[in-house]
Amino acid sequence: MKVIVHDLRQESWQELGMRFHEKDIVIGDGLECADSDIGKAIGSCRQLVLISRCVYGGFSPFIQEALERCRNYFEPSLEVRHGQTHYVIKKQNKNLFGLVCCFYGDNITPKEEQLARIQSVSDGISLQARGVKIVFYDTLDKLRQIDSIVV
Amino acid sequence: MILFFDGDRTPASDEGIWIKSIREYAEKEELISVKIEENMDWNRVCRCLEDAHAIVLAADVYMDSVSSRVLDFLEKIEQAVIGGESIGAKFYAILHTDLYEGEQTGIAMAVLKNFCERANITWGRGLGIGGNNLKAALRRKRLWKKSDKDAADFRLCFLHEQALFIREKIQGTDVYIKPNEVSRGWYIRQNNRQIKKINRVKVTEY
């Protein structure tokens, strides 16, 4: 099962024509989803796909809000991982999913791209993903290629 | 005039420490504080942005970023600049996290710098604070002795330093700090004990 969080407008999203399995979950702008649902969905998925406009070398406000709502995915307590402090991940959520970060935008500077890569890896470590794949597309048309990346 | 933006997600236990430290060192300057929230008086914000000599953003960092609300706000400012708004002020940031290492605010700091480049605003200086929950951890452990009080205030001298940069409107190298007075292991243990205690109280209340 995969979870896709995207900030695309409904028509752009539909134009992508992504393949889905029955149990896949899509969280997009305008779709109501409780905080606990996002945490639970990420905790039980095989792949988490974030499709985001690249904003100053990071995620867009909508995707960032979704990540903020993942608080339920973590314990409030701390531990050391990879030499840095991180929030402990709840036992039931340790299923090791793959993280795909897909950034789009026609005016992404090399500096912003580099920063977006760093943030993606860092968030992958925080969420304890088993791997992180990062892709950039400058047009919505090219964004269709994401279908070949997701499982 | 110094324009202070409060971008914290939730009011902290020591709310006001950021603006207080600036006020202390820039008494003669007019200081305007604006909370970043959904329904802001955008016309007032634009007027203040035009008149300000220094812009200060204080915000917490979670998942390597400032909050979605702050990101949204920064995009609005960028749009205002594209629309002809002129901002001559330098931009200063005070970012903080409960995680021990101040460097964990580094990605969010870089995002703010990229915003400044896009909005044609001069970067002033960034202060990244780690271990921001130290005060609460110390208080709850009932070790609130004088020496521990000093340890809890590890942020103050760095905040005052930042306030001087803001007052003088000069640029400086970004600084990342952590509570050196206590080890990372100690900080984590105290933080986790405190959380367990809170959880026990919640269960009892329930």
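This is a predicted model: local features need pLDDT of at least 70, side-chain atom pairs count only at pLDDT 80 or more; totals for chains, interfaces and linings use all residues.
Figure 1. Along the sequence, chain A follows the pattern β-α-β-α-β-α-β-β-β-α-β, and the chain holds four helices and seven strands. The radius of gyration of chain A is 15 Å, close to the 15 Å that the globule rule gives for 151 residues, so the chain is as compact as a globular protein of that length. The C-alpha trace of chain A spans about 40 × 40 × 25 Å along its principal axes.

Figure 2. Of the 151 residues in chain A, 54% are buried, and among the contacts with a separation of 6 or more, 67% join residues 24 or more positions apart. Carbon and sulfur atoms account for 49% of the accessible surface of chain A, which comes to about 7300 Å². Chain A carries 19 positive and 20 negative charges, whose mean positions lie 8 Å apart.

Figure 3. Thr105(B) sits in the loop between β4 (90–96) and α4 (106–119) of chain B, and with a relative accessibility of 0%, under the 20% limit, Thr105(B) counts as buried. Beyond its neighbours within four places in sequence, Thr105(B) is in contact with several residues, including Val61(B), Leu95(B), Gly128(B) and Ile129(B).

Figure 4. The side chain of Thr105(B) reaches the backbone oxygen of Gly102(B) at 2.7 Å. Tyr176(B), one of the residues in contact with Thr105(B), is 71 residues away from Thr105(B) in sequence, while the C-alpha to C-alpha distance between the two is 8.0 Å.

Terms used
Residues are numbered from 1 along each chain as its sequence is written. Chains are lettered from A and ligands numbered from 1 in the order in which they are written. Side-chain values use heavy atoms; hydrogens and water are left out. Helices (H or I, at least four residues) and strands (E, at least two) are DSSP runs, numbered from the N terminus. The radius of gyration is taken over C-alpha atoms; the globule rule is 2.2 Å times the number of residues to the power 0.38. Buried means under 20% relative accessible area, exposed over 50%, partly exposed in between (1.4 Å probe, protein chains only). Contact means heavy atoms within 4.5 Å. Accessible areas come from the Shrake-Rupley method with a 1.4 Å probe; for residues, only the protein chains shown count as cover. Lys and Arg count as positive and Asp and Glu as negative; His and the chain ends are not counted. The place of a charge is taken as NZ of Lys, CZ of Arg, CG of Asp or CD of Glu. A polar contact is a pair of N or O atoms within 3.5 Å; within protein, one must be able to donate a hydrogen and the other to accept it, and residues adjacent in sequence count only if both atoms are side-chain atoms.
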